[in-house]
Amino acid sequence: RGGRTERLRAEVAYLKKIARPDGGEASNWEKSQVIDALSGLDGVTKGDLLLAAGMPWSTYDYARKHPPRPTRPELWEAVEEVFSRTPNGCGHRQVAMCLRAELGVRVADKTVLKVMREIGLRCGIRRRRGHRAYSSYMGRVGETFENLLGRDFSASRPWEKLATDVTEFVQPWGKAYLAPVLDLCGNRVVSWSISLSPNMEQQEEMLAGLWEAMPEGATPLLHSDMGWQYQHSGTWASSGPMGCARACRGRGTAWTTRAWRGSSATSRTSSTGVGSGRRSRASGATSRPI
């Protein structure tokens with residue numbers, strides 16, 4: 001009973017000491033320092049602490065004898081100087097490129113990344129964000145259509161097949177939403193609307209531009225996902241005399257074509273300057289003859 005009590009006491013003491021504010025996992029060297037600090041206090045033995053940490057004796061002994069050393073400390077000042085040249089900083093690859101070109105040092109990109117992490121530098125460009133990407137799919141909330149397009153995104157003439165979607169752009173000042181219509185023959189954007197909210201007004205503006213640009217007698221097939229905007233009856237009420245054939249695809253991102261992948265990435269990077277836009281993850285896709 002006494003041995004079990006000591007092991008429980010060692011486990012509680014170790015967990016309290018090893019806890020980190022950021023919730024991350026401690027390194028083996030940090031674990032060895034905690035074990036050395038708690039060993040002998042209140043009858044807690046080093047063996048019980050090693051069991052609580054799940055660390056073998058050999059790992060503990062190696063970590064204690066090999067403390068972490070700073071990575072290339074002679075480059076820290078130069079890394080900070082290069083990083084501070086732009087308001088949002090720059091990535092480790094650009095920093096490494098400047099170090100090699102200006103100072104002539106031999107350093108790998110990953111080494112620069114490790115240095116930046118050690119001195120607390122983090123680039124604000126193209127970083128992962130904690131919020132969920134925009135999704136316009138809310139289930140079956142209106143009228144849906146069959147997938148007439150199938151995965152055949154090739155078009156032999158203009159105004160034969162069109163595709164549309166809503167893309168979210170995340171910027172330091174907030175979010176913006178782009179609703180374009182892409183002609184799959186030549187990947188040309190024939191209509192678009194930019195809004196601070198992905199609402200029906202944006203869809204009406206995009207469709208108004210589409211009807212205005214559409215040549216007389218054209219009856220294209222419009223392909224979209226199954227976001228709530230494209231299931232709304234008001235989306236197509238403004239079509240007037242224009243006939244519109246709609247097609248719908250199953251759940252998934254609508255922009256799966258190679259044509260959109262190239263044009264979407266280019267527009268995302270050039271229009272924002274930092275490439276921080278996010279693709280709409282609406283589920284399903286619809287195709288409609290217009």
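The following questions and answers set values from a predicted model against the definitions behind the terms.

Residues are numbered from 1 along each chain as its sequence is written, and side-chain values use heavy atoms, leaving out hydrogens and water. Local features in this predicted model need pLDDT of at least 70, side-chain atom pairs count only at pLDDT 80 or more, and totals for chains, interfaces and linings use all residues.

Q: How many disulfides does a search of the whole structure find?
A: The search finds zero. A disulfide is a pair of cysteine sulfur atoms within 2.5 Å. For Cys98, the nearest cysteine sulfur is that of Cys90, at 6.4 Å, and Cys98 is in no disulfide.

Q: Why is Cys98 called buried?
A: Buried means under 20% relative accessible area, exposed means over 50%, and partly exposed lies in between (1.4 Å probe, protein chains only). Cys98 has 14% relative accessibility, so Cys98 counts as buried.

Q: Why is Cys185 called partly exposed?
A: Its relative accessible area is 22%, and therefore Cys185 is partly exposed.

Q: What makes the phi of Arg72 stand out, and where does Arg72 lie?
A: Arg72 is not a glycine, yet has a positive phi of about 45°. Most residues other than glycine have a negative phi. Arg72 lies in the loop between α4 (57–65) and α5 (76–83); helices are DSSP runs of H or I with at least four residues, strands are runs of E with at least two, and both are numbered from the N terminus. At 28% relative accessibility, Arg72 is partly exposed.

Q: Where is Trp159, and is Trp159 buried or exposed?
A: Trp159 sits in the loop between α7 (109–118) and β1 (161–164). Its relative accessibility is 11%, so Trp159 counts as buried. Trp159 also has a positive phi, about 60°, although it is not a glycine.

Q: Which residues does Phe83 touch, not counting residues up to four places away in sequence?
A: Contact means heavy atoms within 4.5 Å. Phe83 touches Gly89, Cys90, Met116, Leu121, Arg122 and Cys123. Phe83 and Cys123 are 40 residues apart in sequence, and their C-alpha atoms are 8.4 Å apart. Phe83 is in helix α5 and, at 13% relative accessibility, counts as buried.

Q: Which residues of helix α2 are buried, and why are they said to be on the same side?
A: In α2 (residues 28–38), Lys31, Ser32, Val34, Ile35 and Leu38 are buried. They cover an arc of only 160° around the axis, which puts them on the same side of α2. The arc is that of the directions from the helix axis to the C-beta atoms. Just after α2, Gly40 takes a positive phi of about 90°.
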